[in-house]
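The following note sets out several points on the model shown below. Please read each point beside the coordinates.

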Amino acid sequence: MTNLTPTGFLSIGGASLEYKWLAPLVPDAPTIVMLHEGLGSVGLWGDFPEKLQQATGAGIFAYSRAGYGQSSPVALPRPLDYMHREALDVLPKLLDAIQFKRGLLLGHSDGASIATIYAGAHQDHRLNGLVLIAPHFIVEDISIKSIAAIKTTFETTDLKSKLARWHKDVDNAFKGWNGAWLDPKFRDWDISEYLAYIRVPVLIVQGVDDQYGTLRQAEIAQEECYCPVDLKIIAGAAHSPHREAPGPTLDAITQFAKAALRDDPGLQAA
């Protein structure tokens, strides 16, 4: 990895993207790149990056996509293929900019879908595995119902002011995500074709009470992937198990990461 400061901004494709970098506990250990949810940001990961660094010894790189956190805003409405654009255009440039050498992609919700598209579209020898928290490969009725409900909540409660703690342009963040998912044409969104081309182990972490998706998402991955797919179902968690049940979620990810990176000389030195 390049000599990144602990926090800062990267210029990628004309956008200024905020990031957070936790150096590995031993020199030259692998890196876990974290991709946030559809309303997420660097800040909304909370202290989970630090917990992940301590548990795995790996370097942790988290960033806010354009339109989120302190990063540049995006033009609205977002195109319905916005996750494809992130995976096929932005993420490759970002990984090169941070001099990513090897490690994992860890994505949550939209971030998990972006990681899936990236891994299926790029046979990237630097990638050792994928951690997908509450991923979406297709659009389900439960997803649309919950996303429509949160739109009403955003418009009628203090949710907007709460989200404003994490996004400098909260309307840009919320409407960009919510507007795309509620577009009737988005019902045809389907990235399951990428699953068959993933060549690294996959861990899917799913909360029992996920209000945005069902276990059908994991079943699709198990049906379509030729690579190993592990599924960890987290009791007492909904769509964000790393926040709602951080202990078992961290344990599952740590076990997977150590197995996926077991031959890495950097971690062996830890």
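Is Leu203 buried or exposed, and what is its relative accessible area?

1. Leu203 is buried, with a relative accessible area of 4%; buried means under 20%, exposed over 50% and partly exposed in between, for a 1.4 Å probe and protein chains only. The model is a predicted one, in which local features need pLDDT of at least 70, side-chain atom pairs count only at pLDDT 80 or more, and totals for chains, interfaces and linings use all residues. Residues are numbered from 1 along each chain as its sequence is written, and side-chain values use heavy atoms, with hydrogens and water left out.

2. Leu203 belongs to strand β7 (residues 202-207). Strands (E, at least two residues) and helices (H or I, at least four) are DSSP runs, numbered from the N terminus. Apart from neighbours within four places in sequence, Leu203 has contacts with Leu130, Val131, Leu132, Asp230, Lys232, Ala252, Ile253 and Phe256; contact means heavy atoms within 4.5 Å. Between Leu203 and Gly57 there are 146 residues of sequence separation and 19 Å of space, C-alpha to C-alpha.

3. The packing of helix α2 (residues 82-97) on helix α3 (residues 110-121) has an angle of about 70°, with the axes 9 Å apart. Axes are lines fitted to C-alpha atoms, for helices over the stretch in contact, and angles run from 0 to 180 degrees between N-to-C directions. The two helices, α2 and α3, are therefore roughly perpendicular; that class covers 65 to 115 degrees, while under 35 is roughly parallel, over 145 roughly antiparallel and the rest oblique.

4. The residues of the contact of α2 with α3 comprise 11 nonpolar, 2 polar and 2 charged. In this scheme Ala, Val, Leu, Ile, Met, Phe, Trp, Tyr, Cys and Pro count as nonpolar, Asp, Glu, Lys and Arg as charged, and the others, Gly among them, as polar.

5. Helix α4 (residues 141-156) and α6 have axes that come within 10 Å and cross at roughly 150°. The crossing of α4 past α6 is left-handed. Among the residues making this contact are Ile147, Ile150 and Phe154 of α4, together with Phe174, Trp177 and Trp181 of α6. The contact of α4 with α6 holds 8 nonpolar, 2 polar and 2 charged residues.

6. How many aromatic pairs does a search of the whole structure find? The search finds 7 aromatic pairs. The ring centres of Phe174 and Trp177 are 5.8 Å apart and the planes stand at 75°, so this pair is edge-to-face. Rings of Phe, Tyr and Trp (its six-membered ring) pair if their centres lie within 6.5 Å, and planes under 30 degrees apart count as stacked, over 60 as edge-to-face and the rest as tilted. Both residues, Phe174 and Trp177, lie in helix α6 (residues 170-181), 3 residues apart, about one turn of the helix. Phe174 is buried at 2% relative accessibility, and Trp177 is buried with a relative accessible area of 6%.

7. Trp181 and Phe186 form a tilted aromatic pair, 4.7 Å centre to centre with 55° between the planes. Both Trp181 and Phe186 are buried. Elsewhere, ring pairs join Tyr19, Phe61 and Tyr63 in a cluster.

8. Some backbone features deserve a check. Most residues other than glycine have a negative phi, and most peptide bonds are trans. The peptide bond from Leu76 to Pro77 is cis, with omega near 0°, and Pro77 sits in the loop between β4 (59-63) and α2. Gln99 has a positive phi, near 55°; this residue, Gln99, lies in the loop between α2 and β5 and is partly exposed, with a relative accessible area of 43%.

9. Ser109 also has a positive phi, near 55°. Ser109 is located in the loop between β5 (103-108) and α3, and is buried, with a relative accessible area of 5%. Leaving aside neighbours within four places in sequence, Ser109 is in contact with Glu37, Ile133, Ala134, Pro135, His136 and His239.

Notes. A crossing is left-handed if the near helix is turned anticlockwise from the far one by less than a right angle, and right-handed if clockwise.
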